[in-house]
Amino acid sequence: MNKILWVDDEIDLLKPHIMFLKAKGYEVATSNNGYDAIDMLSSDAYDLVILDEMMPGMTGLETLPLIKAAHPSLPVIMVTKSEEENIMDKAIGSKIADYIIKPVNPNQVLLAIKKSLHSEQLVTERTTADYRAEFGRIAAQQQSASTFTDWCSLYRKIVGWEIELSASSDASIREVLTYQKNEANQEFSKFVRRNYYNWINQRCDESEIPTMSHTLMRRRILPDVEEGEHTTLLLIDNMRYDQWRTIEPMLRGLFDIATDDFYCSILPTATQYARNSLFAGLMPLAIDRLMPDKWLNDNEDGGKNMYEEEFLRRLIAQTGRKLKLSFDKLVRPEAGRRLLDNMQRVYDADFSVIIYNFLDILSHARTETDIIRELTDDEAAFRSLTRSWFEHSELYTLLKLLAERGHRVIITSDHGTIRVDNPVRVTGDKETSANLRYKTGRNLAYNSRDVYEVTRPEDVQLPSGRLTSSYIFAYNRDFLVYNNDANKYIRYYKNTFQHGGISMEEMIVPYAVLKPKKR
């Protein structure tokens with residue numbers, strides 16, 4: 001039973017209201033002045049205080065800070081006769097839970113109490129009921145999805161419910177959603193397996209081929225650059241749609257969201273392939289053939305993303321555009337601080353590109369560091385850490401500066417990431433690649449039903465280090481482990497975030513265009 005303290009100098013006139021609350025199951029104690037209320041709060045525990053703003057002696061506004069000093073988390077509902085803005089500003093500035101304008105009626109008081117004490121329960125009940133009603137529609141949408149656009153729409157809806165239900169205390173309904181998402185990912189994997197070859201080789205109607213890594217720059221980014229005098233492309237490595245949804249509300253005060261869309265990452269959904277392809281406007285096989293000195297295969301030593309700026313300059317020149325380009329890759333925090341100290345070249349550029357690697361670093365840190373793994377135990381915690389990082393990052397400061405200077409901003413990623421939990425065993429020789437979501441090598445052995453196999457890499461425009469090399473890609477939440485020391489690797493990598501394979505999280509990449517608000 002919740003215990004309420006009601007403080008009002010005319011408390012005797014409120015007996016009908018108090019009786020009404022007691023009938024609703026609340027225990028209500030009363031006081032007719034602030035001094036006694038402070039004493040009562042020091043000697044007994046209460047769940048909520050209803051406090052009259054105008055009382056003789058010590059007013060409600062004078063009592064409120066004393067309550068908050070001793071009980072900072074105790075919710076206080078202010079009751080006032082006045083709607084004057086300065087009074088409300090003082091009360092709200094002192095962190096009241098709610099306020100009621102006199103004359104009050106019992107239902108008005110009950111509603112304010114429910115909002116303060118039972119909001120989580122009410123939200124849980126409402127969202128649970130809404131999702132149950134939506135479950136069948138999502139299932140039907142999944143069965144009828146036949147294009148990449150259909151899958152984007154479904155993924156948007158599932159992520160929306162993930163975020164909604166993360167605040168719910170109903171664990172069972174979250175499990176239902178997880179099951180439905182896994183089922184959707186299984187069907188999405190089949191969809192990709194049926195269509196990927198045709199997309200890459202343009203063997204189907206052009207309208208059925210999504211914008212992909214190697215066509216994104218020509219189809220979307222460069223045309224968007226031409227619409228604005230100054231445009232910044234912010235590529236946040238490893239960013240999923242749910243993480244974009246987490247930081248997007250913080251940007252709405254700075255920008256109008258002109259485009260909130262998706263594109264499709266190529267396979268493998270790994271930085272070496274997807275990001276080089278994005279900046280070159282070419283599939284990896286074409287990069288390897290046209291610029292063999294600038295492409296390294298998985299089993300070759302050296303940095304795999306060393307020439308992105310050169311790729312982009314080459315692509316811009318091929319399109320005939322004359323753009324003043326600024327290009328920065330921020331791998332460590334100090335690089336972000338240095339860029340903030342040298343923002344003029346970003347301001348002066350027609351097209352500035354900033355690659356931000358923090359989320360990729362965070363994903364790897366979660367695998368390697370116990371404390372980060374504990375802090376990001378599930379998807380909701382991973383989103384929360386993403387928001388906390390962004391809110392205090394140089395990146396957020398940078399976006400504020402760009403908004404002030406009137407820059408259009410494009411935010412996207414090269415691929416997403418997925419939390420894996422189902423090991424799939426493979427064997428290979430010592431030169432087989434190490435990635436957990438895809439493998440490439442000469443002597444791979446596996447169950448073909450468990451993976452998407454590409455025995456001729458050139459069929460999907462991928463380079464082959466050796467004539468007999470092949471690629472395999474993991475589905476959904478699978479991860480690929482070798483038979484040698486398999487149990488050790490399963491324990492270490494289970495429930496870590498990985499990328500390189502086929503899932504909605506990895507392949508359906510957010511693409512947003514932000515226009516600065518007019519000032």
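A residue counts as buried when its relative accessible area is under 20%. By that criterion, strand S6 (residues 231-236) is mostly covered, with six of its six residues buried. The structure is a predicted model.

- Strand S9 (residues 351-356) pairs with S6 in the parallel sense, over six bridges.
- Within this pairing, Phe 351 of S9 stands opposite Thr 231.
- Strand S10 (residues 408-412) also runs parallel to S6 and is joined to S6 by five bridges.
- Thr 231 has Arg 408 as its bridge partner in S10.

**The crossing of helices H9 and H13**

- Helix H9 (residues 213-227) and helix H13 (residues 308-318) have axes that come within 12 Å and cross at roughly 80°.
- Angles of 65 to 115 degrees count as roughly perpendicular, and H9 and H13 are therefore roughly perpendicular to each other.
- On the H9 side, the contact involves Met 217, Arg 218 and Leu 222.
- These residues meet Leu 312, Leu 315, Ile 316 and Gln 318 of H13.
- By residue type, the contact of H9 with H13 divides into five nonpolar, one polar and one charged.

**The three-stranded sheet**

- Three strands form an open sheet in the order S13-S15-S14, and their pairing is antiparallel.
- Strand S13 (438-441) and strand S14 (451-454) are the edge strands, each of which pairs on one side only.
- From one strand to the next, the twist averages 15°.
- S13 is joined to strand S15 (residues 470-474) by four bridges, and the two run antiparallel.
- In S15, Phe 473 stands opposite Tyr 438.

**Helix H10**

- Helix H10 (residues 241-251) is mostly covered, as nine of its eleven residues are buried.

Methods:
Residues are numbered from 1 along each chain as its sequence is written. This is a predicted model: local features need pLDDT of at least 70, side-chain atom pairs count only at pLDDT 80 or more; totals for chains, interfaces and linings use all residues. Side-chain values use heavy atoms; hydrogens and water are left out. Buried means under 20% relative accessible area, exposed over 50%, partly exposed in between (1.4 Å probe, protein chains only). Two strands pair if DSSP finds at least two bridges between them. Axes are lines fitted to C-alpha atoms, for helices over the stretch in contact, and angles run from 0 to 180 degrees between N-to-C directions. Angles under 35 degrees count as roughly parallel, over 145 as roughly antiparallel, 65 to 115 as roughly perpendicular and the rest as oblique. Contact means heavy atoms within 4.5 Å. Ala, Val, Leu, Ile, Met, Phe, Trp, Tyr, Cys and Pro count as nonpolar, Asp, Glu, Lys and Arg as charged, and the others, Gly among them, as polar.
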